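These are my notebook entries on a structure that I had not examined before. I record what I looked up, in the order in which I looked.

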Amino acid sequence: MSSPVKGGPEVVLRLAGISKRFGPLLANDGISLTLRAGEVLALLGENGAGKTTLMNILFGHYVADEGSIEAFGRPLPPGSPRAALKAGIGMVHQHFTLADNLSVLDNIAVGTESLWRLRSDRGATRRRLLDLSQRFGLEVRPDALVGDLSVGERQRVEILKALYRDARILILDEPTAVLTPQESAGLFETLRRLTADGLAVVFISHKMNEVFAASDTVAVLRAGKLVATHATASTDRAKLAELMVGRSVKPPAPTPLSPGEPVLELAGVTVASDHGRPLLDGVDLTVRRHQVVGIAGVSGNGQTALAELVSGLIRPDSGRLSLKGSVVEHGDPADMVRRGVARIPEDRHSAGLVGAMAVWENLIAERYHDATFSRFGVLRRGAARAYAREVIKEFDVRCPGPDTRTQLLSGGNMQKLILGRTLAHGPDLILASQPTRGLDIGAVSYVHSRLLDARAAGAGVLLISEDLDEILALADCVTVAYHGRLTPLLPHDRVSVSQLGLLMAGHWDILRDILPETVDAA
Amino acid sequence: MDFLSIILDILLSAAFWTAVLRIATPYVLGTLGELLCERAGVLNLGIEGIMTLGAMAGWMAVYQGADLWTGVLVAASCGALLGLLHAALTVPLGLSQHVTGIGVTLLGTSLSYFVYRLVLPQASTPPTIEPFQPLALPGALAQTPLTYLAFLLVAVVAYVLYRTPVGLAVRMVGENPAAAEAQGLNVTAIRIGAVMAGSALMALAGAFLTLSAFNAFFFNMVNGRGWICIALVVFASWRPGKAMLGALLFAVFDALQLRLQQASGGVLPYQLFLMMPYLLSILALVLVARRASYPRALMIPYRKGER
């Protein structure tokens, strides 16, 4: 790997003065970048910094308002993925652009042949695919339906799709967001093979450790502007974090507290699914007061069912769910709220808030039937607005006022709104599903400190997250979800990221090394 | 005679199967057309109106002196044009496919009646043309050329969808248009093309009614056949072969009820028999299509560069 010095390998890509506006938002502001053959460039920045927008302009999904792009010395026509593909640029999108109902081969072949050929040459496509797959060590099953593949396999299909088009510049948008640590390591190994072959790679990330694991050069974006470009080897984490956020950020540190009595107990809980494997399979779990229990795992291993169970959206098919020592027989969401469960849902847009409704309406959504907010079936709007003003102030929700339409808030402020709705009443149990997904570093540390405050005040926190750093920073105990089952609780200081990664991939035999003595999970 | 032997007698007669193939023809063509549109991600509720327009335009061309095959071409072109209208509103403009489709049906139907009355203001009994004649083949094979064309088109559409690059492109834009675009395909053009081709097939279904099954154009002659095709597409899980089977099954029910009506000799109200094919279709839908895996992007407009 080479660092970008003058007279180094050939420049393959040159972005000059790229600007892009979305309404009032200046998403990219005069960004210029160069990329050389064999180089891995990390594009680092917070959510909303403009990384994905920049790459979407490069690949032709968007047209830049200003600026020009040159690939291999030739200007790239704007706004055409077809032209980008022809120029040797391939993109692996964060949300994979694959059709689940089609085979791997179909997904790769589509668009590669002239549309008016009377017959697809599937034999040739298959040979070429298998050849590429072997050359770069990217194993795939050509005839499998994409819908049946794991996330890691889908990503390999995406990379092969680009290579099949003879991509010499590969863009990866947040490629590790959905991978286990081991799968990420495999991806970085693949990137090394690609660059050894002379490809240039741009990968978008907001995770510092990946930048150091995989890149030669790092470019930092903040609020649409390119704030710095460094050789990765000549910089460090603290410096990059400061560049990303624009100020120094201290992560909140949990103070040690001894756990109190249990607030949530699951005993042998099973939730069946429509087909095949149960969503939850004999789960035992206890969350105590003054305790954060983190659930790690690749998404789709039962976390959603667990969250829905504790929210009261579904009921166990067998087993028992107790809150504060009393068994919940027929829990529904309203009942769970009454019993002191605060819920921070996984998807704040679809399950957390009603975007078209006002901030005050969302704030009383869980307790509009209380005497405070309604009388004889009529809402007491004055009281509700006054209450909303208090919460807005207390939780620092940046908005013009209680009548603001909720969808106009930023992601971080929406999350503060949800925190305000659920935490204002001193809950006993907090269910936090992916509480910081898509938030910037400032909002993340706010959410974390609020959760830790609630823990100090006596709440138990069930934290479901795909972000292992978040889990290890907040949780007192960790458990890993795999195929609907949970490992025993592991104290956070006895387990490493790589061990969690192995557990997430189903290698539960290593539990013997982490817990030589059997820890009682109940 | 007991009930079972009546049914057996009917099922063993060649005339019954001749009728089945004839009745099935417009359903085969209409279902294929709807299937093409939906495979590309566009629901086309304009089918009823497009079939009516095809029926009128094909007949009118022949009535004005064109030969039968020219009439077929005129019908298909008119269908493609009305399909273009539906596609223009739903694909680049991204309007609601339901509402637009119903509008297209109302437009196609009214326009057909309007043009028919404009040309033939006085006709008290509908004027007739010389329609396609059945080929001189034995038994149930004695069908008109359009029936043969319909069943041939089943194979053609299946081949195009599953064996050619353009078919793969159509399936891809119906499953995941963003993926298709990332592969350099023009989603808008492919969707418009598929809707136009599908609409042309729907118009052929209509033209079969006026150029083969009957020899005149009546008001209300399509009579809900288009809606049945919409259901048949779901029944067929969006596959051409199954679509043909579904159309045949429906035709069997329909032909059967006609003959049972005669056999019952007025003991039962005839409306009960008329209901039979529809009830059985609903039953078949419930049994077969509950777990149908529909094209993922069906009814979802695709707007490039949206965030």
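Predicted model: local features only at pLDDT ≥ 70, side-chain atom pairs only at ≥ 80, totals over all residues.

I count helices (H or I, at least four residues) and strands (E, at least two) as DSSP runs, numbered from the N terminus. Residues are numbered from 1 along each chain as its sequence is written, with chains lettered from A and ligands numbered from 1 in the order in which they are written.

Entry one, chain A. I find 18 helices and 23 strands in chain A. The C-alpha trace of chain A spans about 70 × 50 × 50 Å along its principal axes. I list 45% of the 522 residues of chain A as buried (20 or more other C-beta atoms, placed from the backbone, within 10 Å of the residue's own).

Entry two, the contact between chains. I count two residues as in contact if their C-beta atoms, placed from the backbone, lie within 7 Å. On that basis 26 residues of chain A touch 22 residues of chain B. Helix 2 (81–86) and helix 3 (104–109) of chain A each supply at least two residues of that side of chain A. Helix 2 of chain A gives the most, with three residues.

In residues 272–289 of chain B the end C-alpha atoms lie 25 Å apart, and the span is 94% helix and 0% strand.

Terms used: Buried ≥ 20, exposed ≤ 12 C-beta atoms within 10 Å, placed from the backbone.
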